[in-house]
Amino acid sequence: MSRLLEINHLKKYFPIRGGLLNRQVADFRAVDDVSFTLQEGKTLGLVGESGSGKTTIGKCILRLLEPTSGQILYDGQDITHIKARELRRLRSEIQMIYQAPAASLNGRMTVGQIIGEPLWIHEKLRGDDARDRVLELMTVVGLKEEHYYRYPHEFSGGQQQRIGIARALAVQPRLIVLDEPTSALDVSVQAQILNLLQDLQDQFDLTYLFISHDLGVVRYMCDEVALLYLGKIVEVAKTEVIFEEPKHPYTQALISAIPEPDPDLQREEIIIRGDLSHTFPQGGCPFAPRCHAEKLASCDSVLPPLLEADQGHLVACHLHPALSASSASEPA
Amino acid sequence: MADLLNIEDLHLEFHTYDGVAKVLAGVDLKMQRGDVLGLVGETGCGKSMTALSVPRLIPMPPGKITEGRVTFDGEDILSKSESEMESFRASHLGMIFQDPVTNLNPLFTIREQLVDAVLYQQARGQRVPGRWKGFLPSVRQLRSEAQERAVELMRLTGIPDGDKRIFEYPHQFSGGMRQRVLIAMALAGDPDLLIADEPTTALDVTIQAQILRLIRSLVKQLGLTVLLITHNLGVVARSCERVAVMYSGRVVEESPVRELFKNPKHPYTRGLINAVPQKDVSRGGLIGIPGMIPNLINPPAGCRFHPRCEQAMEICRRQVPAAIAVGAEHKASCFLYPEDA
């Protein structure tokens with residue numbers, strides 16, 4: 001099994017401007033020192049509340065945003081600073097599917113044009129050849145042939161998302177960044193789309209980076225989960241492990257907040273106080289002001305590093321020290 | 001006990017350029033004092049329209065109620081005049097909506113908006129009729145009383161430092177806090193019925209849990225009756241006592257919460273429950289409902305669910321099923337169940 005994507009110490013800061021001359025007065029740390037790896041053919045879930053930086057990470061991987069620092073390795077190659085020409089080739093390998101299907105499709109193009117455009121850009125395919133490929137793609141995602149000349153507004157949300165998926169598949173990518181692909185959809189349609197994504201993954205050997213705030217969906221889709229809080233990863237582990245034995249207090253609270261459709265479910269409901277706030281005590285743990293767990297002296301003063309607290313289970317919390325001192329230096 | 005709210009055979013149409021959309025096609029719904037009823041369904045099934053028909057906030061035209069009755073505490077709502085409706089809304093109803101951002105005016109402080117709500121409810125509500133008519137010198141007094149009440153409401157809805165934060169503007173509040181402000185406004189008139197239309201859909205899960213807990217505690221503390229509209233079955237399982245499932249303009253199943261999840265009868269309800277990714281569903285095990293929601297201008301004849309139903313029979317294509325008792329307090333509108341069961 002090979003590492004398809006490797007992110008090392010990725011940072012993305014946005015400038016906060018102010019003052020008389022509108023100079024940069026501070027940084028807004030949207031993504032702050034994030035590292036993870038994604039194995040080929042697997043699905044990694046990137047979970048967090050709004051404002052946690054999950055979409056920013058996705059955009060940095062596609063180089064739609066320039067990272068402030070850090071390294072992005074795709075298939076062993078450093079793509080953090082590659083030039084526009086190489087970037088274009090890369091974009092046929094990495095594709096993105098967006099949250100709002102209606103907004104991500106051009107309303108003045110027909111379905112055939114939308115799905116055919118990447119074929120022209122990347123493979124110079126036109127005319128009948130392109131048409132055949134587009135129709136083939138449309139069958140793959142469950143659209144009908146007669147939809148070819150229709151416009152996006154004539155479709156329901158679920159169908160629009162299928163168009164977006166077909167467009168992403170057109171260039172035969174290996175990695176797809178899925179940014180909340182189902183959060184705008186109804187549950188019955190969400191189930192259809194999730195199943196379609198799984199079928200496509202098996203069929204075309206795709207690797208997914210699955211960005212979502214819905215832990216129920218993540219549990220269903222992902223092999224591994226990384227939890228983000230204020231631009232930092234707080235916990236990474238295999239999906240079963242995260243849901244069975246969450247270690248970080250934030251993860252525990254999030255899991256207990258999943259609204260499960262089972263009225264008999266008895267569980268301790270952890271309600272965390274307050275809201276996501278970017279003004280946490282500098283130097284300390286970003287989650288400390290809302291944390292419900294036992295508080296240590298170091299919580300407010302020392303930033304907990306992401307360490308391997310159990311085999312393949314990384315946690316950034318002072319309550320969970322590393323397995324051994326040697327594994328502390330380099331998170332896998 | 002008499003019903004607090006009774007919606008009978010409500011039909012609602014919308015006149016559009018493409019034709020007449022039959023948005024509600026015979027909704028029956030009853031609520032008693034102290035009920036917490038969840039109204040569940042997907043986009044376009046008419047759950048919000050059903051709820052908006054109680055405060056009569058549906059724009060008419062283009063909307064038109066063609067049949068049916070809505071009674072609240074024995075009073076017929078549909079025959080009231082607009083000014084009667086205003087005082088009815090102020091004294092009996094509270095509403096909260098999905099998006100806490102667009103429901104607060106960004107140009108005014110929380111104090112101005114909340115105090116306005118309190119004063120309005122006092123002036124319009126039946127309980128304090130015309131209280132400040134002829135007492136103009138005491139308006140200032142009334143305002144300060146209303147402000148005390150507003151701070152009290154903020155405390156009740158869990159906003160810390162209400163006496164200070166009341167001077168802030170909406171943008172200084174987070175999404176969860178804004179929703180609490182809206183709940184405080186809805187409670188200003190001491191309503192008999194709180195209608196919550198997707199109150200947590202725009203919020204993060206942790207904040208959603210906070211708001212649901214708040215609503216539950218208000219039910220206990222104030223004996224509120226709540227109509228909770230949501231598309232999220234998990235929210236219903238956590239917060240409600242009874243559930244009504246809607247599909248394309250009708251209530252297709254109604255039952256106590258536990259019964260509905262343990263023993264769903266209508267094929268649509270089953271499909272909906274199976275479509276939620278749950279704990280023990282493994283890869284590939286999720287079952288969606290094939291097809292999509294029907295067009296409301298040309299809805300399918302008979303049971304509107306039959307084109308997507310795997311158990312559809314000949315009769316489903318011709319006839320609309322009536323609600324049948326399928327258990328204790330459990331009703332379903334489906335031909336799969338014999339009439340006299």
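The contact between the two chains of this predicted model takes 42 residues from chain B and 40 residues from chain A, where contact means heavy atoms within 4.5 Å. The area buried between chain B and chain A is about 3500 Å², and carbon and sulfur atoms give 52% of that area; buried area here is the accessible area, taken with a 1.4 Å probe, that two parts lose on being put together, summed over both.

Before I go on, a word on conventions. Residues are numbered from 1 along each chain as its sequence is written, while chains are lettered from A and ligands numbered from 1 in the order in which they are written. Because this is a predicted model, local features need pLDDT of at least 70 and side-chain atom pairs count only at pLDDT 80 or more, whereas totals for chains, interfaces and linings use all residues, and side-chain values use heavy atoms, with hydrogens and water left out.

Let me stay with the contact between the chains. There are 10 residue pairs in polar contact between chain B and chain A, both residues being at pLDDT 80 or more; a polar contact is a pair of N or O atoms within 3.5 Å, and within protein one must be able to donate a hydrogen and the other to accept it, with residues adjacent in sequence counting only if both atoms are side-chain atoms. On the side of chain B that touches chain A, the elements that give two or more residues are helix 7 (205-222), helix 8 (233-239) and helix 9 (257-262) of chain B. Helices and strands are DSSP runs numbered from the N terminus, a helix being H or I with at least four residues and a strand being E with at least two. Helix 7 of chain B gives the largest share of that side, 8 residues.

How many salt bridges are counted between chain B and chain A? The count is 1 salt bridge, by the rule that a side-chain nitrogen of Lys or Arg lies within 4 Å of a carboxyl oxygen of Asp or Glu. As a general point, side chains of opposite charge can pair when their charged atoms come close. Here Lys262(B) pairs with Asp262(A), and the closest N and O atoms are 3.5 Å apart. Lys262(B) is partly exposed, with a relative accessible area of 46%, and Asp262(A), at 26%, also counts as partly exposed; by definition, buried means under 20% relative accessible area, exposed means over 50%, and partly exposed lies in between, with a 1.4 Å probe and protein chains only.

Over all chains the count comes to 27 salt bridges. Within chain B, Asp35(B) forms a salt bridge with Arg242(B), the closest N and O atoms being 3.0 Å apart. Asp35(B) lies in the loop between strand 2 (19-31) and strand 3 (36-40) and Arg242(B) in strand 9 (residues 242-247) of chain B, so this pair ties together parts that are 207 residues apart in sequence. Asp35(B) is buried at 13% relative accessible area, and Arg242(B) is buried at 16%. In chain A, Glu40(A), Asp75(A), Glu93(A) and Arg174(A) are linked in a network of salt bridges.

Next, the aromatic rings. A search of the whole structure finds 8 aromatic pairs over all chains, where rings of Phe, Tyr and Trp (its six-membered ring) pair if their centres lie within 6.5 Å, and planes under 30 degrees apart count as stacked, over 60 as edge-to-face and the rest as tilted. One of them is Phe72(B) with Phe88(B), an edge-to-face pair with 5.2 Å from centre to centre and 85 degrees between the planes. Phe72(B) belongs to strand 4 (residues 63-72) and Phe88(B) to helix 2 (residues 82-92) of chain B, 16 residues apart, and both Phe72(B) and Phe88(B) are buried.

Finally, which residues of helix 9 of chain A are buried? They are Pro249(A), Tyr250(A), Thr251(A), Ala253(A), Leu254(A), Ile255(A) and Ser256(A). Since 7 of the 8 residues of this helix (residues 249-256) are buried, helix 9 of chain A is largely enclosed by the rest of the structure. These buried residues pack against elements of chain A, including helix 7 (215-221) and strand 9 (224-229), together with helix 7 and helix 8 of chain B. One of them, Tyr250(A), also forms one aromatic cluster with Tyr229(A) and Phe287(A).
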